[in-house]
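This briefing covers salt bridges and a helix pairing. The structure comes first, and the notes follow by topic.

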Amino acid sequence: MHAIYDELGGSDGVRTAVAVMYHRVVADPELAPWFEGIDVDRLQAHQRAFLAAAFGGPQVFSGRSIGEAHHGMAITDAAFDRVVASLMTALADLGVAKEAVGAVGERLEDLRADIVTA
Ligand code: HEM
């Protein structure tokens, strides 16, 4: 698929990255207003979609556009930064090379305008 996918060790590595990131996002008090009360399955689906977007993989989403999916959530720039940072930190912790982590950050940056509405 994509170089970073291989660098993570394929689907097992991606699963680990999803788990690590999931715990970071859920434990972050500043992100709680958005993620509180959303059930675990949906949250994990969110993280997989998030990673697919980050890695440039096939878009395996429910059909809604990224903008539609986040419509009316009043997501702030700061919240967007924290979610992206949680992924980048998780990838770095898992041993993904700095350049590849930076490339993920840039790819996600392209989605900011569709997601941030506050
Ligand atoms: C680049 C970053 C992001 C991507 C690629 C992404 C992707 C997605 C996708 C694809 C969905 C729809 C899932 C579905 O239709 O089943 C979704 C829903 C959602 N996103 Fe994001 N998201 C991003 C950033 C954020 C941020 C920054 C927040 C909050 C701070 C957020 C909070 C949510 C919430 C609460 C939902 C609804 C969950 C649900 O009820 O299913 N997302 N996101």
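Glu 109 counts as partly exposed because its relative accessibility is 37%; buried means under 20% relative accessible area, exposed over 50% and partly exposed in between, with a 1.4 Å probe and protein chains only. The model is predicted, so local features need pLDDT of at least 70 and side-chain atom pairs count only at pLDDT 80 or more, while totals for chains, interfaces and linings use all residues. Residues are numbered from 1 along each chain as its sequence is written, and side-chain values use heavy atoms, leaving out hydrogens and water.

- Glu 109 forms a salt bridge with Arg 112, and their closest N and O atoms are 2.5 Å apart; the term stands for a side-chain nitrogen of Lys or Arg within 4 Å of a carboxyl oxygen of Asp or Glu.

**Helix 2 and helix 6**

- Helix 2 (residues 10–27) packs against helix 6 (residues 77–93) at an angle of about 135 degrees, with the axes 9 Å apart.
- Helix 2 is therefore oblique to helix 6; angles under 35 degrees count as roughly parallel, over 145 as roughly antiparallel, 65 to 115 as roughly perpendicular and the rest as oblique.
- Axes are lines fitted to C-alpha atoms, for helices over the stretch in contact, and angles run from 0 to 180 degrees between N-to-C directions.
- Helices are DSSP runs (H or I, at least four residues), numbered from the N terminus.
- Residues of helix 2 in the contact (heavy atoms within 4.5 Å) include Ala 17, Val 20 and Arg 24, and those of helix 6 include Val 83, Leu 87 and Asp 93.

- Arg 24 forms a salt bridge with Asp 93, the closest N and O atoms being 2.7 Å apart.
- This pair links distant parts of the chain, with Arg 24 in helix 2 and Asp 93 in helix 6, 69 residues apart.
- Arg 24 is partly exposed at 31% relative accessibility, whereas Asp 93 is exposed at 55%.
- Asp 28 forms a salt bridge with Arg 82, and here the closest N and O atoms are 2.7 Å apart.
- Asp 28 lies in the loop between helix 2 and helix 3 (32–35) and Arg 82 in helix 6, so the pair ties together parts that are 54 residues apart in sequence.
- Asp 28 is buried, with a relative accessible area of 12%, while Arg 82 is partly exposed at 35% relative accessibility.

How values were computed:
Helix = DSSP H or I, 4+ residues; strand = E, 2+ residues; numbered from the N terminus.
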